[in-house]
Amino acid sequence: MPVYLPLIVRNVSRRTKATLDIYAAYQTARLSERTARLTVILPSQGSLHPALACKLTARSAEAVNLSNARNPEVSSLAASPPPLMTQAEQEEEEEDDDDDGEEEEEEGRGGLKPRHLRNKSSRQGKMGNSDSKLKFRKAVIQLTTKTQPVEATDDAFWDQFWADTSTTVQDVFALVPAAEIRAVREESPSNLATLCYKAVEKLVQAAESGCPSEREKQVVLNCTRILTRILPYIFEDQDWRGFFWSTVPGAGRAGMDEMDEDDEGARPLAESLLLAIADLLFCPDFTVQSHKRGGPDSAEDMQSLDSCEYIWEAGVGFAQSPPLNYIHDLNRTELLRLLLTCFSEAMYLPPSSDGNILNPWVTFFCSTENRHALPLFTSLINVVCAYDPVGYGIPYNHLLFSDYREQLVEQAVQILIVTLEHEGSQPHRAPSPSSMDEQDSAGPDNLFVNYLSRIHREEDYDFVLKGLARLLTNPLTQTYLPNSTKKIQFHQELLVLFWKLCDFNKKFLFFVLKSSDVLDILVPILYYLNDARADQSRVGLMHIGVFILLLLSGERNFGVRLNKPYSLHVPMDIPVFTGTHADLLIVVFHKIITSGHQRLQPLYDCLLTIVVNVSPYLKSLSMVAANKLLHLLEAFSTNWFLFSAAQNHHLVFFLLEAFNNIIQYQFDGNCNLVYAIIRKRSVFHQLANLPTDPASIQKALQRKKKSPDAISRTNSQETVSMEGSRPAVPAEPGTLKASLVAMPGIDKLTEKSQVSEDGTMVAVPQTETPRSPEHSSVAGASDTESNSGRDNEDVFYTEAEMARRRLSSASSAATYWNPTPEWVLSWKSKLPLQTIMRLLQVLVPQVEKICIDKGLTDESEILKFLQHGTLVGLLPVPHPILIRKYQANSGTAMWFRTYMWGVVYLRNVDPPIWYDTDVRLFEIQRM
């Protein structure tokens with residue numbers, strides 16, 4: 001057990017250093033003699049988890065014998081710890097503490113506090129705070145070295161943790177090491193149980209009283225920080241996981257007789273904690289502005305308080321914007337951090353496809369038991385969407401002032417995405433527009449989901465959409481002064497929130513697509529995709545961005561909106577072009593495919609599906625975008641690539657379908673694409689004449705071994721990148737990343753819908769794609785690759801497991817994957833080449849004749865000819881438009897849960913709430 005130095009502070013006095021040495025020596029003596037403790041179930045705690053009770057019973061007999069044989073000197077040391085200071089020194093320190101204090105209340109007005117004021121106050125209180133830390137550390141050491149369980153009635157002992165200290169949350173994490181929490185959990189479980197019980201009890205009492213004094217407010221903050229530190233270690237032990245759901249005698253449910261001795265009416269500790277947090281989030285003069293002088297003076301005032309009048313920010317359903325108060329924001333942040341920690345039990349359970357397994361913490365907190373559910377949901381979404389990190393745009397203002405609202409917004413958006421879970425009893429099914437008004441009036445049991453799905457006013461939609469677009473666009477902002485504008489870092493959480501908004505509230509999705517405002521969401525998503533394409537630690541960001549675009553592309557309006565000219569100057573390292581947002585989308589997708597890392601290969605299907613979905617509505621592609629599409633077809637249609645894996649030919653089918661859609665429905669105006677097709681006509685002839693004999697197939701596979709790179713990077717005709725851009729770079733060594741479960745294939749992600757003449761969608765029954773007998777063994781499988789070859793799609797793999805499967809698959813691919821002539825013929829005969837071949841048959845002779853007759857060498861004249869040409873009556877009958885719409889399933893639900901919690905884990909590093917705990921939902925890997 002390493003010696004823990006409890007405090008590192010600059011400019012500490014010599015006396016304090018001597019005190020630290022005493023602590024270090026004292027702890028070394030105690031830790032070296034630590035053995036199993038005599039543990040007894042806390043009488044006032046009620047029934048513990050059965051497995052935990054068995055563990056306690058099993059240890060008691062051994063602990064009695066060990067305690068009798070203990071070294072008498074060490075035993076006396078444990079009974080009476082050495083005094084840290086003389087009486088005179090203690091009196092002097094107490095006087096210093098009294099002189100240092102009580103300036104916070106008047107400084108607490110306003111959302112931004114100047115850094116020099118903050119630093120001044122921190123310097124004034126440094127000595128007093130150091131003594132508070134010493135007292136707190138002393139209490140922790142006593143807890144870890146107690147030979148007997150401490151009674152819950154021993155308030156003098158337990159008050160040391162929260163009554164007489166003013167430690168920050170960072171101090172609590174530093175002064176309570178993980179090893180000591182685990183030691184108490186294993187050796188003195190009753191003391192850990194009592195600590196949790198007493199901390200929750202203090203929060204419940206404060207919620208009832210309304211925290212009228214500054215001392216009570218400090219007690220609440222200290223209890224909040226201690227529980228935030230301890231809870232992850234409760235969750236990581238299976239025996240302890242049910243502890244907070246054990247009943248506590250005397251804590252009755254609402255409407256039940258408090259004096260009833262029967263435990264049936266007792267409220268579990270978790271419920272008491274969650275309700276106390278909810279109450280404290282609307283506690284006047286602590287987390288909200290009081291509406292009357294003096295605030296609530298009794299428990300009756302807190303219980304009768306209408307929290308809908310105390311919503312934190314104007315926006316959805318609330319018109320008044322309360323004055324900013326940075327102390328209230330800090331207190332809210334602390335409570336939300338504890339709430340997020342409570343919800344994080346999901347991190348300690350392995351991935352599961354069982355949708356009926358709900359997070360009990362989220363389920364209770366978002367139920368009708370929580371009377372603050374509506375005002376809290378409204379407060380969270382309003383705080384997020386109203387936040388403006390730039391403010392008045394004063395350069396470098398984020399360096400001059402501390403923005404406490406940003407911390408609150410980060411915690412608020414994380415709480416929102418965690419609580420907005422699908423219903424477990426029945427899979428969430430997106431309603432059609434015609435059926436939305438006929439939805440069951442009861443709605444989902446999860447009130448947060450219920451409220452989100454019921455937002456219906458257009459002004460509320462506009463507020464939410466503009467707020468999300470403003471925050472997502474913030475990191476893209478360019479200024480003449482370097483680093484002069486604040487850049488937020490929680491864009492991944494915002495993307496998940498946007499996804500959930502579109503998923504749960506289809507009217508919001510239709511509002512987003514109703515105007516060009518959807519492009520304010522599209523551009524930042526494309527920026528993030530392009531920026532993260534080379535960074536393997538951000539593969540989850542790539543997926544969520546692509547999934548959002550897949551969801552949007554299933555609606556006709558999205559394709560129509562893409563025709564708006566692109567005139568922004570976002571710094572992306574893509575070729576300079578003049579065109580529309582559709583051109584931007586295609587150029588970025590091409591960049592991802594040709595220069596992204598290999599683990600993005602499973603996303604190719606999704607990227608090309610998006611292109612196919614929007615292609616019938618693209619009125620005029622630029623020459624740059626047209627060449628990018630033809631380059632992709634050229635790369636994907638090489639013989640060795642088509643034959644090297646069982647599903648590679650799907651990419652060619654997608655591109656051909658996109659070309660057919662544009663030719664059939666948007667021929668006028670797309671002369672650039674037609675010209676590119678004519679120039680690359682040899683690619684289409686090669687596809688039509690694809691060899692199917694065994695010798696040619698084997699010859700193509702031999703070429704693959706010589707040139708393993710799937711996509712040619714040299715023929716993509718790269719030009720100068722946009723001004724101000726920087727190239728996408730891989731993750732820095734040592735970067736942490738959270739693993740993801742495998743994603744279903746595109747056939748599981750989407751369902752086909754056919755667009756009828758009146759514009760409505762008609763579902764198309766799924767058809768089985770041709771497969772070879774060897775289909776199940778695909779070379780180069782990835783951790784996010786299609787799982788459609790498995791019989792059981794509900795089996796989830798972590799990245800480590802998928803890596804092992806990938807290696808074994810690659811090593812055995814040469815033996816088992818053997819493309820046969822029959823397999824090639826099965827899909828070659830279905831290649832949709834008729835429309836393009838007819839176009840080439842008609843136009844190529846005309847173009848060649850013009851070039852010969854007029855001696856043309858300038859392509860602008862050819863483009864002018866193609867622009868005024870027509871193929872009416874010459875092409876085959878237009879095929880019906882086929883749209884592949886995203887559909888939810890258990891695989892995607894599990895992926896989102898894993899990704900979401902991985903983001904929450906990695907974003908909460910100050911303090912590191914879950915670092916170095918036994919998380920099982922995903923794996924933390926170092927790049």
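Analyst: What follows is a short tour, topic by topic. This is a predicted model, where local features need pLDDT of at least 70, side-chain atom pairs count only at pLDDT 80 or more, and totals for chains, interfaces and linings use all residues. Residues are numbered from 1 along each chain as its sequence is written, and side-chain values use heavy atoms, with hydrogens and water left out.

User: How many helices and strands are there in the protein?

Analyst: The protein has 40 helices and nine strands. Helices (H or I, at least four residues) and strands (E, at least two) are DSSP runs, numbered from the N terminus.

User: And what share of the residues is buried?

Analyst: Of the 927 residues, 55% are buried. Buried means under 20% relative accessible area, exposed over 50%, and partly exposed in between, with a 1.4 Å probe and protein chains only.

User: Which residues have the most contacts inside the largest nonpolar core?

Analyst: Phe161, Phe244, Phe659 and Trp901 do, in a core of 251 residues. A nonpolar core is a set of buried Ala, Val, Leu, Ile, Met, Phe, Trp, Tyr and Cys residues joined through side-chain atoms within 4.5 Å.

User: What is Trp901 in contact with?

Analyst: Leaving aside neighbours within four places in sequence, Trp901 is in contact with Leu340, Phe343, Ser344, Ala346, Met347, Val418, Leu921 and Phe922. Contact means heavy atoms within 4.5 Å. Across the protein, residues 24 or more positions apart account for 82% of the contacts with a separation of 6 or more.

User: Switching to helices. Where does H12 bend?

Analyst: At Arg229, by about 30 degrees, and Pro232 follows within four residues. The bend is the angle between axes fitted to the seven residues ending at a residue and the seven starting there. H12 covers residues 214–235 and reaches 32 Å from its first C-alpha to its last, close to the 32 Å expected at 1.5 Å a residue. The expected span is 1.5 Å times one less than the number of residues.

User: Is H12 mostly covered or mostly open?

Analyst: Mostly covered, with 18 of its 22 residues buried.

User: How many disulfides are there?

Analyst: The count is zero, taking a disulfide as a pair of cysteine sulfur atoms within 2.5 Å. Cys385 is buried at a relative accessible area of 1%, and Cys606 is buried at 3%.

User: What about Asp460, buried or exposed?

Analyst: Asp460 counts as buried because its relative accessible area is 7%. Asp460 is in helix H21 (residues 458–473). Its side chain makes a polar contact with the side chain of Arg457 at 3.0 Å. A polar contact is a pair of N or O atoms within 3.5 Å; within protein, one must be able to donate a hydrogen and the other to accept it, and residues adjacent in sequence count only if both atoms are side-chain atoms.

User: Where does His879 lie?

Analyst: In the loop between helix H39 (859–868) and strand S8 (882–886). His879 is partly exposed, at 24% relative accessibility. Not counting residues up to four places away in sequence, His879 touches Asn660, Asn661, Gln664 and Tyr665.

User: Last topic, the backbone. Which peptide bond is cis?

Analyst: The bond from Asp910 to Pro911 is cis, with omega near 5 degrees. Pro911 lies in the loop between helix H40 (890–907) and strand S9 (924–926). Asp916, in the loop between H40 and S9, has a positive phi of about 65 degrees although it is not a glycine. Most residues other than glycine have a negative phi, and most peptide bonds are trans.
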